[in-house]
Amino acid sequence: MPDTATVLHPTPSSRVQAMREYHPPLGCRDALRLDFNENTLACSPKVREVLGRISAGDLTRYPEREPVEAIVAAHLGLAAEQVSLTNGVDEAIHVLFGTFLESGDELLLPVPTYTMYEVYASATDARVVPVQAADDLQFPFERLLAAVTVHTKIIAIANPSSPSGTVITRAQIIEIARRAPQAVLLVDEAYFHFHGETVIDLVGTLPNLIVARTFSKAYGLAGLRLGLLAGPVELMRWVRRVLSPYSVNSLALACLPPALEDVAYLDWYVGEVLAARAEFEAALDKAGVRRWPSRANFILTEIGAHHAEFVRLMSAAGVLVRDRSSDPGCDGRVRITIGTRQQMRQAALVLDKTLATLRAGNEAQ
Ligand code: PMP
């Protein structure tokens, strides 16, 4: 046996050495899951039926994605060549950044925003240029335009954004696309169904617009890992060179058509969340908790200095919420996913008790 102290290990690239490992708290989540903005209930029963019919023999074959891509494209009113399915939007971001970013390029990132943009940017040689939102967390439109340079290669915008739930308007998206023609404008519509507004109809019209969608949120398929990129053929051609033809598995592909077809289920779930969001907003207001106006299935709240204790107490009472304090400009803020009305009534009770415990603790000090 060699002396382990003297064993030489291969070193990764300097880029990877500089990366931080991102480890979201996905463990021990047998509770009310208001921490990852997933569907909190279930996918369509039609999807369950299809899953139940998949045989052992079906699993022996490599997945064929093109027929399903054609179905999704038709559903979105796009041509099949404009759409690529991905292993969640996370793979879409990874592949898009890998396709376009190189040394000397800049990625413009309005922040706070979805964490994985920065993670995947750090796996490239490009420079991240964060554009900080003001305290109201509204989209920093003027500041973003001012930050555009000849080196800007990608501008990544989540609409609605996370963790704030705030949005950018269609007119602003069009203006940004026009002012940065050398850059890919990624509009990540992960939470589209709760917002109801989209720019996917502009795909192919704006030459630099690429839209991302996920099946992890409203559709309730986060475990299957299913997302997509939709963009002009001229850009998607490059994306497909980098994207693995094998990355979307056959279970996910089989589930996609019934998920798209069951519009009634999707409408029901989205309606439930929107009703629950209004109720929960009222509960937060009554409890005197500051919140940001959200167009998504989550609400960012101001908990203050006791944010970590708040999250711990909520979790101990069976309700998981997500501390966003380390996001830029979000110290003391906690994001709460919105589920069904019944779930959110339970969450509101736990919230009241938790706040009372924290306040009693404060007074005792
Ligand atoms: N984009 C945004 C804005 C998100 O908030 C999330 C999930 N939290 C994702 C993408 C990830 O989507 P997926 O599960 O399809 O990888």
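A polar contact here is a pair of N or O atoms within 3.5 Å. The model I am reading is a predicted one.

**Entry 1: the ligand**

I began with Tyr191, where a polar side-chain atom sits 2.6 Å from an oxygen atom of the ligand. The protein covers 92% of the 400 Å² of accessible area that the ligand has on its own.

Which backbone atoms come up to an oxygen atom of the ligand? I found a polar backbone atom of Val89 at 2.7 Å from a ligand oxygen, and a polar backbone atom of Asp90 at 3.0 Å from a ligand oxygen.

Then I listed the shell. Around the ligand I wrote down Gly88, Val89, Asp90, Tyr114, Ala158, Asp188, Ala190, Tyr191, Thr214, Ser216, Lys217 and Arg225. How do these residues divide by type? I noted five nonpolar, three polar and four charged residues. Which element gives the largest share of the shell? It is helix α4 (residues 88–100), with three residues.

**Entry 2: the whole protein**

Next I stepped back to look at the protein as a whole. I noted 13 helices and 13 strands. The radius of gyration is 22 Å, close to the 21 Å that the globule rule gives for 365 residues, so the protein is as compact as a globular protein of that length. Along the principal axes, the C-alpha trace spans about 65 × 60 × 50 Å.

How much of the protein is buried? Of its 365 residues, 53% count as buried. I put the accessible surface down as about 17100 Å², with 55% of it belonging to carbon and sulfur atoms. I also looked at contacts between residues at least 6 apart in sequence: 72% of them join residues at least 24 apart.

**Entry 3: Thr124**

I moved on to a loop, the one between α5 (115–121) and β4 (127–132), where Thr124 has its place. Is Thr124 buried or exposed? Its relative accessible area is 11%, and under 20% counts as buried, so Thr124 is buried.

I then followed its side chain. A polar atom of that side chain lies 2.7 Å from the backbone oxygen of Ala121, and the side chain reaches the backbone nitrogen of Ala126 at 3.1 Å. Beyond residues up to four places away in sequence, I saw Thr124 touching Arg15, Phe97 and Leu101.

**Entry 4: Pro45**

Pro45 belongs to helix α2 (residues 45–52). I noted a relative accessible area of 47% for Pro45, which is partly exposed. Which residues does Pro45 contact, leaving aside neighbours within four places in sequence? They are Asp262 and Tyr265. I looked along the chain as well: Pro45 and Tyr265 are 220 residues apart, yet their C-alpha atoms are separated by 8.4 Å.

**Entry 5: helix α7**

Which residues of helix α7 (residues 170–179) are buried? I wrote down Gln172, Ile173, Ile174, Ile176 and Ala177. An α-helix has 3.6 residues a turn, so residues three or four places apart point the same way. I then checked what covers the buried residues of α7, and the cover includes α6 (141–147), β5 (152–158), β6 (184–188) and β7 (209–214).

**Entry 6: Asn208**

The side chain of Asn208 reaches the backbone oxygen of Ala177 at 3.0 Å. A polar atom of that side chain is also 3.1 Å from the backbone oxygen of Ala180.

At 5% relative accessibility, I counted Asn208 as buried. Leaving aside neighbours within four places in sequence, I listed its contacts as Ala177, Ala180, Pro181, Ala183, Val184, Leu185 and Leu235.

**Entry 7: His195**

My last stop was His195, in helix α8 (residues 192–195). Is His195 buried or exposed? With a relative accessible area of 6%, it is buried. Leaving aside neighbours within four places in sequence, I found His195 in contact with Asn159, Pro160, Val167 and Arg295. I also looked up Ser294: His195 and Ser294 are 99 residues apart in sequence and 8.8 Å apart in space, C-alpha to C-alpha.

Notes. Residues numbered from 1 in each chain as written. Predicted model: local features only at pLDDT ≥ 70, side-chain atom pairs only at ≥ 80, totals over all residues. Heavy atoms only, no water. Near = heavy atom within 4 Å. Polar contact = N/O pair within 3.5 Å; in protein donor to acceptor, adjacent residues only side chain to side chain. Areas by Shrake-Rupley, 256 points an atom, 1.4 Å probe, with all protein chains shown as cover. Helix = DSSP H or I, 4+ residues; strand = E, 2+ residues; numbered from the N terminus. Nonpolar A, V, L, I, M, F, W, Y, C, P; charged D, E, K, R; others polar. Rg over C-alpha atoms; globule rule 2.2 N^0.38 Å. Buried < 20%, exposed > 50% of the residue type's maximum accessible area, 1.4 Å probe, protein only. Contact = heavy atoms within 4.5 Å.
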